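Please read them with the structure open.

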Amino acid sequence: MVGKVVVSGISIILVVGVALAVVAVVHHNDKKGETSGVGVSSHTMTSKVVESICTTTDYKAACRDSLSPVAKNSSADYKDYIKAAMLTTVAQVSKSLNLTESLLVEANTSDPRLKISLEDCNDLLSLAVGQLQASFSMVGDHDLHTLQDRSDELKSWLSSVITYAETCIDGIPEPKIQSKLEDNIRNATALTDNALAIVSGLSQILEAFGLKINAKPLSGGRRLLSKDGFPTWLSASDRKLLQVNNGKIVPNAVVAKDGSGQFNTIAAALAAYPKNLNGTRYVIYVKAGVYNEYITVEKKMVNVLMYGDGPKATVVTGSKSFTGGLSTFRTASFSVIGAGFICKNMGFANTAGPEGHQAVALRVQSEMSAFYNCRMDGYQDTLYVQAGRQFYRNCVISGTIDFIFGDGTVVIQDSLLIVRRPMDNQINAVTAQGRKESHQPSGIVIQNCRILPEQQLFPDRLTIKTYLGRPWKEFSRTVIMESTLEDFIQPAGWFPWAGNFGLDTLYFAEYANVGAGARTDQRVKWKGYRVLDRNQALQFTAGPFLGGDKWLSSTGVVYDLGFKR
């Protein structure tokens, strides 16, 4: 279960003010090299500690500039260096947020799409600042071992900052405005990637301070599943909630269209979310019915468990779409922001059809969220796994182009992925993963699933081309493992986004798949594509990839932390 992080607003404002003096201006095309910056000159810095910390970063001069004030303090410890990296990032993201707010004031109200996109940016960058503040608080408030144990959570938060910034840029329809924002936001994402590299290389920082912490092996001897088959990180109470039949769960709120519950709409039940949960879950039972309402589980609504009478009986639906004048971000029928969200036995649909183009049924940016026995139906962009660690089990997901997309850290197990018939002259792509920077922990892992065509596609399944995925961003990462791929999957397996974009930097991989579409001898020859052996694939199982041993047990969802076979 996810607890709330309380951050001192006054202290953050003060340290951001200090950090603003050393913010590095990063030039994106200097990546991997000696990037230029302002502030204290990197040439005057001789600290071996700083050099050691910045070794693994992609924007080294910016890293040195951000850490230079700390290097002058002989009494600084390892946490001071990590916090300094985060503070410069907070400062830069805050500058981007301020720019967005001024652009929103200046925006021509006659262009509603631009106004909406800038409002999206404002919301997204506000979330990004909140994530950075929580990350700063975590580093300051925890000792070495606790920080190491929570590093997966910290990396997920930082990765979300990059995702939100990218979502902002992608949604701006006006090229001049986009360019003005892009330079500013690229600096923020570069600094966030540096912070991710530093957190990921925690052992190097500790070594520089003469400290050492024993890393846990990937496979280890630890028990991945508890005796009841749930992950060890799920609490006993949450496991019980997911195991029992609906009739044995005692909900806090009941939603029913026929008036037999406390509320007639899901929105009303969420509006009744209590101010003080005291570590428990807010449980909402949604009775059978089609709920035509647009729902957002807000950031403050943490630890919500929502369940229905079945994925075809309890359905939340909408029809918003890109062709209807909205950004992809805004088309979702159901959106989840609050951390620790759990859902079972429900369906989510977007009925805009293929003509609507981007039309999201379910958008998730909830950290440590889980969906069990759920259904997501749409065409293009059905399931938007936007950010955060997410787990799906026993689900049905249908669509055409990029119907599972986003930049969360996601594992989908034991599910049906149904490819639908697209519009004429379109191809199908199951995934479009959006990892922007190399140190992000994000990716989409599909394990022990079945990828098959719907009935309407079946007669033309071999002429209408279907691929496993395409690279939405430079470091796109998707792994298909231990799954059944039907004969309609193209021999090449994967499809480019545009020309050679991302083909050398992406990470597309397959392991132990079966079925007529699983042969890899004719797969793409891209530098970033690979067929994994068992040891290489281990890192993408739910235990290591999601840090699932620490939290999945609390969701009550059945899961596998390792291989299926």
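The points below go from the whole chain to single residues.

1. Ground rules. This is a predicted model, in which local features need pLDDT of at least 70 and side-chain atom pairs count only at pLDDT 80 or more, while totals for chains, interfaces and linings use all residues. Residues are numbered from 1 along each chain as its sequence is written, and side-chain values use heavy atoms, with hydrogens and water left out.

2. Overall make-up. The protein chain has 13 helices and 26 strands (DSSP runs numbered from the N terminus: helices are H or I of at least four residues, strands are E of at least two). Of its 565 residues, 60% count as buried. Buried means under 20% relative accessible area, exposed over 50%, and partly exposed in between, with a 1.4 Å probe and protein chains only.

3. Surface and contacts. The chain exposes about 21900 Å², and carbon and sulfur atoms supply 51% of that (Shrake-Rupley method, 1.4 Å probe; for residues, only the protein chains shown count as cover). Take the contacts (heavy atoms within 4.5 Å) between residues at least 6 apart in sequence: 71% join residues at least 24 apart.

4. Largest nonpolar core. A nonpolar core is a set of buried Ala, Val, Leu, Ile, Met, Phe, Trp, Tyr and Cys residues joined through side-chain atoms within 4.5 Å. The largest has 61 residues; Ile 284, Phe 334, Phe 348, Phe 371, Met 376 and Tyr 392 touch the most other members. Domain 2 (226–360) and domain 3 (400–546) both contribute residues, so this core lies between them. The domain bounds come from an automatic or database assignment.

5. Leaving aside neighbours within four places in sequence, Met 376 contacts residues including Phe 348, Phe 371, Tyr 392 and Cys 395. Apart from this core lies another, of 54 residues, among them Ala 84, Val 93, Leu 99 and Leu 196.

6. Thr 57. Where does Thr 57 sit? Its place is the loop between helix 2 (48–54) and helix 3 (60–71). Thr 57 is buried, at 1% relative accessible area. Its side chain reaches the backbone oxygen of Cys 54 at 2.7 Å. Beyond four places in sequence, Thr 57 touches Cys 63, Asn 194, Ala 197, Ile 198 and His 439.

7. Asp 402 lies in strand 16 (residues 401–406). Is Asp 402 buried or exposed? Asp 402 counts as buried, at 4% relative accessibility.

Notes: Polar contact = N/O pair within 3.5 Å; in protein donor to acceptor, adjacent residues only side chain to side chain.
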